[in-house]
Amino acid sequence: MAAAVDVPSCIQLLRSCGAAAGRQLHQLLLKSGHVPSSLPPTNAVLLMYARGSPLHSRDARFLFDEMPTRNCFSYNSLITALFKSGDLHGALHVFRCMPDRNTFSWNTVITGLTAAGDLDTACDLLDEMPVKDAVACNAVLHRYVRCGRVDEAFALLKRIGPQCNAEMTSSPWNDPFVLTTVVGACADRMKYDFGRQAHARMVVTKIEIDSVLGCALIDMYCKCGDLDSARRVHDGLKHVDEFSLSALVHGYTSCGQLHEALCLFDKVENPSIALWSSLIGGCVPSYHGDAAFVLFVRMLRSGMLPNSSNCASILNVCGFLGMLKPGQQTHGCALKSGAVNDLIAASALIHFYSKCSLWADACQAFSELRHHDTVVLNTMVTVYSNCGRTDEARRVFDMIPSKSVISWNSMIVGFSQNGQALDAMELFCEMHRLGLRLDKVAIASVLSASSSICSISFGEQIFGLAIALGLQSDHIVASSLIDLYCKCGNLANGCRIFDRIDDPDEVLWNSMLIGYASNGYGHEALELLKLMQSRGVKPSERTFVGVLSACCHSGLVEEGLRWFYRMKEDFGVSPSAEHYACVTDLLVRAGRLDEAVEFIENMPFKADAISWTSIFGGCKAQGNEALLHKVSKKLMETEISPHSSLYVQLSSTLAAQGDWAKSAEIRSMMRDRRISKNAGYSWIDRA
């Protein structure tokens with residue numbers, strides 16, 4: 001019976017057939033007595049099951065258990081099947097039970113654990129591996145780099161390096177894939193010395209630097225700023241292809257040496273889109289916006305159609321530098337070429353309009369997208385929040401299938417910035433209940449929400465959580481806590497938090513200074529400013545908002561005016577609308593209304609409704625009806641804020657003066673613009 005079966009032919013068929021045919025061959029060999037008694041055909045059936053669907057891992061296990069004799073091939077096939085079915089524990093157990101292990105066995109289990117994400121166990125096994133093989137080493141190193149655990153990758157290299165004989169052909173240090181991974185990690189973390197050591201090892205052991213490895217070396221040297229070494233690697237390549245040339249061109253451009261990049265680029269007769277992308281994309285890190293756009297136009301005139309990478313690069317640099325018109329022209333070009341349908345270009349387009357504060361255009365670009373990913377949806381949560389459209393931001397947030405920490409933080413920040421403190425606090429609590437990782441952004445945002453409604457008890461609970469997470473010394477968290485205490489009138493606790501910080505940055509100094517200002521401690525705020533300067537911290541725009549606010553709340557009129565004129569002359573800080581508003585309020589509170597009006601009319605930009613409202617309130621307080629009438633006319637001519645309080649205040653004052661027609665006109669404007677009067681409410685939080 002057994003002789004009637006052509007076993008070699010069956011084995012040959014098992015190597016290429018599917019599961020259905022494989023099962024039939026298994027039955028034939030089983031009936032003929034060749035399986036499981038004979039090792040070669042049994043191993044062939046076992047490999048067939050291991051190579052197939054994960055559902056066949058049970059068949060592989062049953063067959064393995066029936067085998068009277070097994071070899072390394074048998075164990076390796078079963079381990080492969082178990083990994084494919086997701087049974088990591090079972091695969092590791094079988095590996096541990098092997099009487100003998102070959103290199104393939106070690107590679108199979110280490111790469112299987114690495115692919116499954118169990119890096120720690122894979123690394124432990126790599127340490128146990130008697131002779132380190134390039135396959136296992138590269139699997140672990142590559143996964144470390146992909147997961148962002150680059151420091152652990154370097155530590156592993158230092159640990160296994162002395163165990164590897166560089167003269168052996170099988171040494172990981174002689175493998176181009178391992179070396180490419182190592183050099184790539186050095187480029188990502190700018191580990192220049194380590195990268196040079198790896199390059200030196202290649203030279204000493206006479207490893208041939210192919211195109212892929214040469215590209216990695218050029219990229220590493222360029223990112224570390226050693227363009228001369230990058231050029232030497234490029235010139236030393238036996239075959240210079242487009243990839244290595246693109247790496248060097250991008251390196252020159254991103255380091256600001258556009259002339260050298262163009263000298264290389266112009267030697268190419270018909271540059272491909274990839275080479276154009278390297279040249280244009282290199283302008284983004286060095287912020288050569290004009291050069292990037294000129295090159296983009298040159299590419300179009302050469303007859304080359306732009307791709308999503310080109311458009312994304314231009315849009316990113318235009319957004320960062322506020323180049324509105326070139327960005328809009330790029331948008332039009334992307335529409336014509338169809339590149340805007342790509343998620344990378346679409347995301348860059350949304351970011352561009354967001355950076356230019358054109359929220360409606362950003363929303364329009366989003367509405368035209370056919371597909372979304374988490375990055376785009378996260379961006380739109382921020383965009384809608386910045387527009388004040390928190391309902392739509394929440395709708396987008398709910399659309400995100402796998403919410404990242406950025407998703408949650410964006411929504412919490414959006415609620416907090418739009419005055420929806422309770423929603424921000426509720427979402428934070430939900431995030432905490434789900435056991436998600438809480439970072440300093442989430443903590444600081446919910447502390448800001450607590451301070452906006454003076455909820456000191458909730459804020460202190462959040463700070464307790466920050467202490468448990470080890471974030472109590474973070475400057476952003478500490479700044480938010482100082483703001484909370486100062487807004488709640490607990491200046492002593494704010495000072496205590498500030499004094500505990502060893503090396504406060506500008507943000508912390510500003511928070512404490514504004515805390516003094518908002519609580520009426522003008523002299524203390526000015527003393528803090530002097531201390532800040534003595535510590536070598538340069539005052540910023542925000543600092544002077546605090547200084548002027550402190551003078552305003554403490555009646556230090558001349559001091560405030562003096563600091564306003566000094567900020568430009570002595571510190572190079574140009575006054576913004578907020579600084580002018582502080583000085584206006586300062587003059588109004590001092591009763592110097594005519595001077596305040598003259599100050600507003602001489603501003604370098606047109607006064608908004610907020611500035612005139614400050615004088616409006618002063619006129620009401622002093623009963624200056626003549627000036628009140630003039631300011632009322634100014635307010636009527638100005639685009640009034642969307643908040644209802646200004647409309648109501650202006651309408652009531654006009655009615656009190658007997659000007660019922662103007663008062664009715666204001667109420668009509670509110671109806672036309674769909675602005676309703678906010679209902680009054682109060683908040684009491686007992687600590």
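What covers the buried residues of α15? The cover includes α13 (211–223), α14 (227–236), α16 (258–265) and α17 (273–281). The model is predicted. Its protein chain has 40 helices and zero strands, and buried residues account for 48% of the 687 residues. Of the contacts in the protein chain between residues at least 6 apart in sequence, 59% join residues at least 24 apart.

**Helix α15**

- Helix α15 runs over residues 242–254; at 1.5 Å a residue its 13 residues should span 18 Å, and the end C-alpha atoms are 18 Å apart, so the two values agree.
- The buried residues of α15 are Ser244, Leu245, Ser246, Ala247, Leu248, Val249, Gly251, Tyr252 and Thr253.
- An α-helix has 3.6 residues a turn, so residues three or four places apart point the same way.

**Ends of α15**

**Largest pocket**

- The largest pocket holds about 340 Å³ of space.
- Its lining has 14 residues, of which Ser479, Asp483, Ser511, Ile514 and Arg542 are the closest to the pocket centre.
- Two or more lining residues come from each of α29 (475–487) and α31 (506–518).
- By class, the lining of the largest pocket divides into four nonpolar, seven polar and three charged residues.

Note on methods: Residues numbered from 1 in each chain as written. Predicted model: local features only at pLDDT ≥ 70, side-chain atom pairs only at ≥ 80, totals over all residues. Heavy atoms only, no water. Helix = DSSP H or I, 4+ residues; strand = E, 2+ residues; numbered from the N terminus. Expected span 1.5 Å × (residues − 1). Buried < 20%, exposed > 50% of the residue type's maximum accessible area, 1.4 Å probe, protein only. Contact = heavy atoms within 4.5 Å. 1 Å grid on protein atoms, 1.4 Å probe; cavity = no way out; pocket = protein on both sides within 12 Å on 5 of 7 lines; lining within 4 Å. Points joined across faces, edges and corners; volume = space filled by probe spheres on them. Nonpolar A, V, L, I, M, F, W, Y, C, P; charged D, E, K, R; others polar.
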